[in-house]
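User: Could you take a close look at a single part of this structure for me, and show how that part sits in the rest of the chain? I would like one connected account that I can follow with the model open.

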Amino acid sequence: MIDVQLKADEGKVAVHVDGGLFVEYVYGHYICRPCFYPVLTPSGQALTRAYPFADVEGENQDHYHHRSIYTAHGLVNGHNLWDEGVGGLGHGSMLQRGEPQVSAAGGEAAIDGVVDWFGPGGQRLLEEERSFRIAAEGPMRVLDQRSVLRARHGDVTFGDTKEGGLFSIRVPTSMDAKDKGRIQNSEGDVFDSGQGEETTWGKRAAWVDYSGPLADGTQWGHTVIDHRSNPWHPTHWHVRGYGLFTANPFGLHDFLKDESADGSWTIRGGSEAVMRFRLIVHPGRGPDGRVMELIDEFQAD
């Protein structure tokens, strides 16, 4: 059974599966963007890096802004909505408007709300209608994100920079592919246990899987799928051996190593665009047959 609880006094939503916590959606304005943390296996093992929310022995503590599972971008109308700046200054924010609406029915949890994107001076940039659907199948978890991006305040341009991810994950340090983890994409590129080149970085692909050992040694993975209806499909991926895993359609001059390339993308004022991603959290190293079926089901929807 799946259960969802709004904890308005804590600025979060908790989703439980069969009585155990799977994930919390943290939206309170004490952080500069909503995110999912913690993200747990059925036995309570962490599926994402704890920093900066908690100190865990042996974890890397770089990139303060890599907040578990989140959406962000480094150039939105020229403003930084990716990192959190020196001393917490000079960056924009994504703030939940009021409380999200939550429900659970038919074996699925729903979280729906509006997230407003602001520049560092409070400039209104973008209105995002953000919806999540969360389901479970045995030990696997499936999280679908659908966002309607509305340019209510004029043109919105996502600039060309690798510093961003419309769906972003920081995997636990034990899963880092430069060490004992593994990255695989839909095009057959693999970066495993630090061997060879990171051929998966910057590539276009319909999906990417990042898997490896958790703290207790069990093998788990995250598969993220870029929906075929997305305007940029298939997206480029800013996915690195040190644990960062993002779908970034826009960072072409970095990914192609070509300063003349321009991957920027604009939603004209008064218009909107829809983006959809699916995350499959699965046991095992690499995607198995059922994960592949869930990929196909998502793309057929």
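Analyst: Happy to. Accessible areas here come from the Shrake-Rupley method with a 1.4 Å probe. On that basis the chain exposes about 11900 Å², and carbon and sulfur atoms supply 47% of this area. Please keep in mind that the model is predicted.

Let me start with the setting. The chain has two helices and 21 strands. Its C-alpha atoms fill a box of roughly 45 × 45 × 45 Å along the principal axes. A compact globule of 301 residues would have a radius of gyration near 19 Å, and the 18 Å of this chain agrees with that. Of the 301 residues, 56% count as buried. Among contacts with a separation of 6 or more, 58% are between residues 24 or more positions apart.

The part I would look at closely is helix α2, residues 289-300. Its 12 residues reach 17 Å from the first C-alpha to the last, close to the 16 Å expected at 1.5 Å a residue. Which residues of α2 are buried? They are Val291, Leu294, Ile295, Phe298 and Gln299. Seen down the axis of α2, the buried residues fall within an arc of 135°, so they line one face of the helix. On the other side of α2 you will find Asp296 and Ala300, which are exposed.

What does the buried face rest on?

Now step back to where α2 begins. Here a side-chain oxygen of Asp288 comes to within 3.2 Å of the backbone nitrogen of Arg290. Pro287 sits in the loop between β21 and α2. Pro287 counts as buried because its relative accessibility is 17%, and the cut-off for buried is under 20%. Leaving aside neighbours within four places in sequence, Pro287 is in contact with Gln184, Trp207, Asp209, Thr223, His282 and Met292. One of these, Thr223, is 64 residues from Pro287 in sequence, yet their C-alpha atoms are 7.3 Å apart.

Glu129 counts as partly exposed, at 30% relative accessibility. Its side chain makes a polar contact of 2.8 Å with the side chain of Arg150. Not counting residues up to four places away in sequence, Glu129 touches Gly113, Arg146, Ser147, Val148 and Arg150. Gly217 is 88 residues from Glu129 in sequence, and 38 Å separate the two C-alpha atoms.

For a last point of reference, turn to Arg170 in strand β13 (residues 164-170). Is Arg170 buried or exposed? Arg170 is buried, with a relative accessible area of 1%. The side chain of Arg170 makes a polar contact of 2.7 Å with that of Asp62, and another polar contact, of 2.9 Å, joins the side chains of Arg170 and His66. Beyond four places in sequence, the residues in contact with Arg170 include Thr48, Asn60, Ser68, Tyr242 and Leu244.

Methods
Residues numbered from 1 in each chain as written. Predicted model: local features only at pLDDT ≥ 70, side-chain atom pairs only at ≥ 80, totals over all residues. Heavy atoms only, no water. Helix = DSSP H or I, 4+ residues; strand = E, 2+ residues; numbered from the N terminus. Expected span 1.5 Å × (residues − 1). Buried < 20%, exposed > 50% of the residue type's maximum accessible area, 1.4 Å probe, protein only. Arc of directions from axis to C-beta. Polar contact = N/O pair within 3.5 Å; in protein donor to acceptor, adjacent residues only side chain to side chain. Rg over C-alpha atoms; globule rule 2.2 N^0.38 Å. Contact = heavy atoms within 4.5 Å.
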